[in-house]
Amino acid sequence: VIQGGRRGSKHDVNDENNWEVGLSLSTENYQDHLGGLGMREGADYSVDPYDKVRLPRFIEYLDVNFDKPEYFAPKFSRDIIKNSDSHIWEFTVETNLKDPRIKMEWGLVDYIAEDRELWLYHKDKEVIINMQQAQHYDFSNQETHNFAVYYGDSEFIARELHPDGASLTTAYPN
């Protein structure tokens, strides 16, 4: 724990065959830099050395959680899989913090293959973000949020990424 947050290690592996997108979470008072997803030669769809088991929670927590029920510690903060033409990562963001907003950041994503896309889908709010154009997403705090990240060509994205329905909500922040 480093002054109200957790910090992960940075890997310089980003090319078309070995890439990682770090997922950082922050609120007004807390930060977590341990989350991430990606692809690497030599990785596996199950548990491998590139994945990271979620650290134990302390009094306050703000976590990215990828479920791996086949492993003795079923929650992971990083999920790196073997190279694939397409994939869908599903994860949750969990917190017990009372801050009103959470910010998820991932930085510039310009190292994946030119014919591939990367999209973030907030399942609970039905919000879709192009991760290659935006570098963060802010959302209201609640205990658990369900997300998915879609990676693939435009046909895969069009076929797989579609919200369950349309909804109208109040405009934020205006």
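Hi everyone, let me start with charges: a search of the whole structure finds 13 salt bridges, where a salt bridge is a side-chain nitrogen of Lys or Arg within 4 Å of a carboxyl oxygen of Asp or Glu. Before I go on, a word on the source: this is a predicted model, in which local features need pLDDT of at least 70 and side-chain atom pairs count only at pLDDT 80 or more, while totals for chains, interfaces and linings use all residues. Residues are numbered from 1 along each chain as its sequence is written, and side-chain values use heavy atoms, with hydrogens and water left out.

Now, the general idea behind those pairs. Side chains of opposite charge can pair when their charged atoms come close.

One of the pairs is Glu20 with Arg78, whose side chains meet in a salt bridge at 3.2 Å, N to O. This pair links distant parts of the chain, with Glu20 in strand β2 and Arg78 in strand β6 (residues 75–81), 58 residues apart. Strands here are DSSP runs of E, at least two residues long, and helices are runs of H or I, at least four, all numbered from the N terminus. Are the two partners buried or exposed? Glu20 counts as buried because its relative accessibility is 12%, and Arg78 is buried too, with a relative accessible area of 5%. For the cut-offs, buried means under 20% relative accessible area, exposed means over 50%, and partly exposed lies in between, with a 1.4 Å probe and protein chains only.

Next, Arg57 and Asp63. They form a salt bridge in which the closest N and O atoms are 2.7 Å apart. Arg57 counts as partly exposed, since its relative accessibility is 29%, whereas Asp63 is buried, with a relative accessible area of 1%. Salt bridges that share partners join Arg54, Arg57, Asp63, Asp67, Lys75 and Glu94 into one network. There is also a salt bridge between Arg116 and Asp115, with the closest N and O atoms 3.4 Å apart; Arg116 counts as buried at 13% relative accessibility.

Let me step back to the fold. How many helices and strands are there in the protein? The count is 1 helix and 12 strands, and along the sequence the pattern reads β-β-β-β-β-β-β-β-β-β-β-β-α. Of the contacts with a separation of 6 or more, 70% are between residues 24 or more positions apart; contact means heavy atoms within 4.5 Å. Buried residues make up 44% of the 174 residues. The accessible surface comes to about 9700 Å², and 47% of that belongs to carbon and sulfur atoms; the areas come from the Shrake-Rupley method with a 1.4 Å probe, and for residues only the protein chains shown count as cover.

Back to β2, the strand that holds Glu20. Why is β2 described as largely enclosed by the rest of the structure? Because 7 of its 8 residues are buried. It pairs with β3 in the antiparallel sense over 7 bridges, and two strands pair if DSSP finds at least two bridges between them. β2 and β3 form a hairpin with 4 residues between them, and the bridge partner of Glu20 in β3 is Gly38. On β8 (residues 101–105), 3 bridges join that strand to β2, again antiparallel, with Lys103 as the bridge partner of Ser26.

Leaving aside neighbours within four places in sequence, Phe91 is in contact with residues including Leu23, Phe66, Met104, Leu120 and Phe147.

Asp51 sits in the loop between β3 (31–39) and β4 (52–53), and at 6% relative accessibility Asp51 counts as buried. Which backbone nitrogen does the side chain of Asp51 reach? That of Ile80, at 2.7 Å, and a polar contact is a pair of N or O atoms within 3.5 Å; within protein, one must be able to donate a hydrogen and the other to accept it, and residues adjacent in sequence count only if both atoms are side-chain atoms. Asp51 is also in contact with Arg78, among others. Glu126, in the loop between β9 (117–122) and β10 (127–130), has a phi near 55°, a positive value in a residue other than glycine. Thanks, everyone!
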